[in-house]
Amino acid sequence: ARCKVVSYCSKLCQKQAWKAGHKLVCGKGESSVDGTSRASDAVQTQVISRMHQLRDAQNWSGLVAVAATACIAAAQVRATRPDLSADIYSLLGGAYGSLQQHAKALEMYKCTAIIMQEIGASTGNVISR
């Protein structure tokens, strides 16, 4: 990917984010776009809050409906808040699994595992397989 603002854990999330509107705000790494800006922080907070509301209501279709936006938020917070990024992917994995979309669920859980591995490596708590 040419974008230097966000990083994605998979091609699926990258494609979903692009279609959901990342292409409209992507500066392909130019200094005019800052993935940690206050505006994007507010959007990320809203997305995560909404996802938890949908999960609590067991609205799996609703969670899947915000997947593209959620993947953008997860990619944007990955460097600064990997725990939130992992939480987003985990919520999506649960939603896809509940809807019997197992391949997508597995993809989201893989993203969660990759990020958790990175968190462990950064803290010295490496998870072995």
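Guide: A residue counts as buried when its relative accessible area is under 20%, as exposed when the value is over 50%, and as partly exposed in between. The model is predicted. With that cut-off, Arg78 is buried, because its relative accessible area is 11%. Arg78 sits in the loop between helix H4 (67–77) and helix H5 (82–98).

The side chain of Arg78 has a partner. It forms a salt bridge with Glu118, in which the closest N and O atoms are 2.7 Å apart. This pair links distant parts of the chain: Arg78 belongs to the loop between H4 and H5, Glu118 to helix H6 (residues 102–123), and the two are 40 residues apart. The side chains of Arg78 and Glu118 are also joined by a polar contact of 2.7 Å. Glu118 has a relative accessible area of 39%, so it is partly exposed, whereas Arg78 is buried.

Another salt bridge involves Arg81 and Asp83, whose side chains meet at 2.8 Å, N to O. Here Arg81 is partly exposed, with a relative accessible area of 38%, and Asp83 is partly exposed as well, at 39%.

Next comes helix H5 itself. Its 17 residues, at 1.5 Å a residue, should span 24 Å, and the end C-alpha atoms are 24 Å apart, so the two values agree. The buried residues of H5 are Ser85, Ala86, Ile88, Tyr89, Leu91, Leu92, Gly93, Ala95 and Tyr96. Just after H5, Gln100 takes a positive phi of about 65 degrees.

To place these contacts in the whole model: the structure holds three salt bridges. One of them is the pair Arg78 and Glu118, and another is Arg81 with Asp83. There is also a salt bridge between the side chains of Asp56 and Arg55, at 2.9 Å, N to O. In that pair, Asp56 counts as exposed because its relative accessibility is 56%, while Arg55 is partly exposed at 32%.

How values were computed. Residues numbered from 1 in each chain as written. Predicted model: local features only at pLDDT ≥ 70, side-chain atom pairs only at ≥ 80, totals over all residues. Heavy atoms only, no water. Helix = DSSP H or I, 4+ residues; strand = E, 2+ residues; numbered from the N terminus. Buried < 20%, exposed > 50% of the residue type's maximum accessible area, 1.4 Å probe, protein only. Polar contact = N/O pair within 3.5 Å; in protein donor to acceptor, adjacent residues only side chain to side chain. Expected span 1.5 Å × (residues − 1). Salt bridge = Lys/Arg side-chain N within 4 Å of Asp/Glu carboxyl O.
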